[in-house]
Amino acid sequence: SESVRCEGSFHSCVKYLQSSALKYVHLENSFGSLAIYLTDSLLWQHQGTVYVDVSFGTTELYIPSSWHVLCNASSSFGGINEHGRPAQTSEDVLTITGDVSFGALEIHYI
């Protein structure tokens with residue numbers, strides 16, 4: 001299984017994650033823009049977690065629409081927006097946790 005960590009502050013960054021066993025993604029973004037594409041990844045044993053820590057910035061997640069997504073992230077003075085729809089049921093389940101404060105988490109299902 002694979003774990004990925006990505007941090008950004010005061011700049012813009014785009015990452016394309018390619019994994020055949022993605023288990024955990026840790027994203028920290030402050031005062032910047034971070035875009036993460038998970039569309040070329042497979043989840044480890046069909047389960048994965050993305051932890052987000054966004055403050056005064058924007059983080060965008062691009063997730064396969066064939067995955068079922070549980071968004072448990074909290075937002076204080078920020079926003080979490082979903083674009084498109086994930087699968088209502090799927091063998092692949094991605095859980096999103098963490099905190100968005102004074103920023104935005106944009107989730108795109110593609």
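Predicted model: local features only at pLDDT ≥ 70, side-chain atom pairs only at ≥ 80, totals over all residues.
Reader: How many aromatic pairs does a search of the whole structure find?

Author: Rings of Phe, Tyr and Trp (its six-membered ring) pair if their centres lie within 6.5 Å, and planes under 30 degrees apart count as stacked, over 60 as edge-to-face and the rest as tilted. The search finds six such pairs. One of them is the stacked pair of Tyr37 and Tyr62, with 4.2 Å from centre to centre and 5° between the planes. Phe56 and Phe102 are also stacked, at 4.9 Å and 0°, and ring pairs link Phe10, Phe31, Phe56, Phe77 and Phe102 into a cluster.

Reader: Is His108 buried or exposed?

Author: Buried means under 20% relative accessible area, exposed over 50%, and partly exposed in between, with a 1.4 Å probe and protein chains only. His108 has 15% relative accessibility, so this residue counts as buried, whereas Phe102 is partly exposed at 43%.

Reader: With which side chain does the side chain of His108 make a polar contact?

Author: A polar contact is a pair of N or O atoms within 3.5 Å; within protein, one must be able to donate a hydrogen and the other to accept it, and residues adjacent in sequence count only if both atoms are side-chain atoms. The partner here is the side chain of Glu60, at 2.9 Å.

Key
Residues numbered from 1 in each chain as written. Heavy atoms only, no water.
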